[in-house]
Amino acid sequence: MVFADMALINGKVFSPDGEGNVIRGDTVLVKDGKIMAVGSYDGAENAIGSDTRIIDCGGNTILPGLADAHCHPSISASARTGCDLFGIYIQEGEAEEDIIEKYLARLKTYIEKHPEEELIRGAGWVESNFQGDRRPTRHDLDRVCNDRPVILEAFSQHNLWVNTKAIEIAGVDENTPDVYVGKIYREESGYPEGMFNDPEAMDMIKTGVPGYDPSVEKYREEILYYQENEANRYGVTLVQDCMHSDNAREAYRQLAEEGKLTLRVRGVYLLEPGKGQEQLEEAIARKGRDDVGDDFRIDTVKMFAEGAFSLIEPYDRAFTEENGLPADYNEALYWDDGEFVSVAGKAMEAGFDVHVHAMGDNSVRQSVDCLVKAAGSADIKDRPPRNVIAHLMLVRDEDMDLMAENDIMGNCQPRWMVYDSDIEGMTPLMGEKRAGAAYPLRGFLDRGVRIAFGTDFPVTPPPDTMHEIQCAMTRAVFPEAPDYEKFKGKTLGSERPADLEEAVRSLSINGAYQIRAEEITGSIEEGKSADLVILDSDIEETDVDDIYAIKVEKTIFKGEIVYER
């Protein structure tokens with residue numbers, strides 16, 4: 001008789017599978033890191049021996065290991081090791097100056113506590129706090145620190161706010177040409193104002209200031225911290241890090257080789273407009289060299305279709321008039337269609353899936369159209385791509401239809417699907433009607449678009465899976481949200497939210513499918529990796545408005561307990 005190494009008993013298995021069903025049972029047996037059986041205790045007790053570790057789940061839910069299918073664990077190193085600027089939102093009656101002073105007060109306190117730091121980092125400031133003429137500048141930061149470089153990342157990861165010292169060290173001045181992708185905000189003289197927008201402009205600072213990118217050893221420390229405190233703690237055993245540096249990639253590879261990862265990680269190779277062909281050649285040359293079994297792999301290329309929102313219809317008239325902008329003002333697309341189709345098609349032929357950042361309906365329109373054309377023209381018969389469009393703030397019905405017809409996945413962030421400060425900040429840009437139609441999850445689900453959830457962490461901390469489920473099921477803020485008192489009782493849009501099965505499916509098997517790991521993990525099925533989550537409650541019996549408070553009791557990865565509350 002073969003006995004189980006571990007037995008989860010007296011639980012309630014809730015595991016959507018890849019066929020549209022939900023696997024259920026009260027017992028899960030584990031042997032040699034894999035699921036030996038799932039079903040009833042009566043059918044499993046003969047496989048429970050004297051050496052079997054028995055875990056009584058107390059009638060609570062057992063979920064499969066969960067996936068954060070779009071996040072940035074390595075970038076979170078900046079948020080944890082520098083000045084924490086998260087959680088400051090402009091309130092009624094406040095002006096931009098008030099918010100700047102709040103940020104500077106936090107920064108000053110941090111600098112006073114860290115006199116030894118040669119480079120001051122920070123993360124979490126919110127761009128939507130600054131909708132008028134007043135933007136944060138280098139001069140604001142100089143008042144607090146002018147002898148060391150200060151580099152503050154916006155919560156969105158799309159803007160840097162820096163002081164004069166950082167600009168000088170990076171060698172950027174009034175003679176520096178404008179960038180192809182992004183923007184250097186300038187003073188009247190042409191000298192940088194202190195704000196650098198999107199990849200190419202931001203990279204001038206990130207690569208120009210020595211030591212900005214942490215070392216491989218520092219990334220190792222931060223990844224180990226992340227997997228214990230920000231992933232396993234919330235039941236996550238599978239992540240896709242959707243933008244990371246070379247040092248971070250090497251840290252992942254080393255930790256995987258040493259067997260120190262307690263989750264599976266999938267990375268990306270970034271392709272930038274104007275550089276895409278060259279970078280793709282480099283990615284093809286590297287393909288496979290960074291892979292370590294199924295613990296760490298890179299099978300995906302990442303493309304940004306836009307920076308700020310590129311909309312089909314111009315920005316709201318009141319916004320353009322108030323800010324002295326042309327009536328047809330809009331944000332540009334990063335790629336022209338021909339380059340997009342060519343690069344994406346060659347990536348698919350090389351065996352990569354394409355993961356596209358697109359939020360505005362114009363960038364989504366382009367992404368869908370170009371991915372369809374690229375897949376149609378590429379030689380991909382042996383490996384149909386699993387292409388993904390992430391974020392999907394505004395989407396036309398016809399583009400949702402095309403995504404469904406062409407098996408393009410959607411990667412959605414449930415924490416954004418609520419009425420909160422972010423939506424309030426975006427409403428002046430696009431008007432109430434468009435803002436109210438943001439993040440149309442139901443439209444995707446009803447059309448059969450396969451949806452995977454991601455947190456985009458550290459953009460919206462913490463990456464709590466129960467917060468994701470509740471937001472998807474209510475489209476409203478919850479009591480632990482920083483702006484709950486301001487927005488409680490308000491719901492984003494009028495569409496029907498997701499149900500529990502849809503939410504859990506998007507957090508589990510669909511995330512595994514996105515990164516081609518559905519045969520290994522993502523559901524509680526015999527033969528799969530024993531990646532399991534035990535909650536402290538029965539989620540099916542919990543009121544939807546209280547799901548946010550459910551805690552993970554234990555997280556199991558490859559048959560080993562990697563988190564225990």
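Strand β26 and strand β27 (residues 560-564) run antiparallel and are joined by four bridges. This briefing concerns a predicted model, in which local features need pLDDT of at least 70 and side-chain atom pairs count only at pLDDT 80 or more, while totals for chains, interfaces and linings use all residues. Residues are numbered from 1 along each chain as its sequence is written, and side-chain values use heavy atoms, with hydrogens and water left out. Helices (H or I, at least four residues) and strands (E, at least two) are DSSP runs, numbered from the N terminus.

- Two strands are said to pair if DSSP finds at least two bridges between them.
- Strand β25 (residues 532-535) is joined to β26 by four bridges, and the two run antiparallel.
- Ile534 has Lys554 of β26 as its bridge partner.
- Phe557 has Glu560 of β27 as its bridge partner.
- The hairpin of β26 and β27 has two residues between the strands, and Lys558 there takes a positive phi near 55°.
- Five of the six residues of β26 (residues 552-557) are buried, where buried means under 20% relative accessible area, exposed means over 50%, and partly exposed lies in between (1.4 Å probe, protein chains only).

- Strands of a sheet pair through backbone hydrogen bonds, either parallel or antiparallel.
- Ala390 has Asn411 of β23 as its bridge partner.

**Helix α6 and its cover**

- Helix α6 (residues 198-208) has Asp198, Pro199, Ala201, Met202 and Ile205 as its buried residues.
- The cover of these buried residues of α6 includes the strands β12 (150-154), β13 (159-162), β14 (183-186) and β15 (192-197).
- Helix α5 (164-170) is also included in that cover.

- Phe457 and Pro458 are joined by a cis peptide bond with omega of about 15°.
- Pro458 is located in the loop between β24 (451-453) and α16 (465-474).
- A cis peptide bond also runs from Pro461 to Pro462, with omega near -10°.
- Pro462 is likewise placed in the loop between β24 and α16.

- Asn10, although not a glycine, has a positive phi of about 55°.
- Asn10 sits in the loop between β1 (6-9) and β2 (12-13), and this residue is partly exposed, with a relative accessible area of 39%.
- Asp32, a residue other than glycine, has a positive phi near 55°.
- The loop between β5 (27-31) and β6 (34-39) holds Asp32, which counts as exposed at 63% relative accessibility.

Note on methods: Contact means heavy atoms within 4.5 Å.
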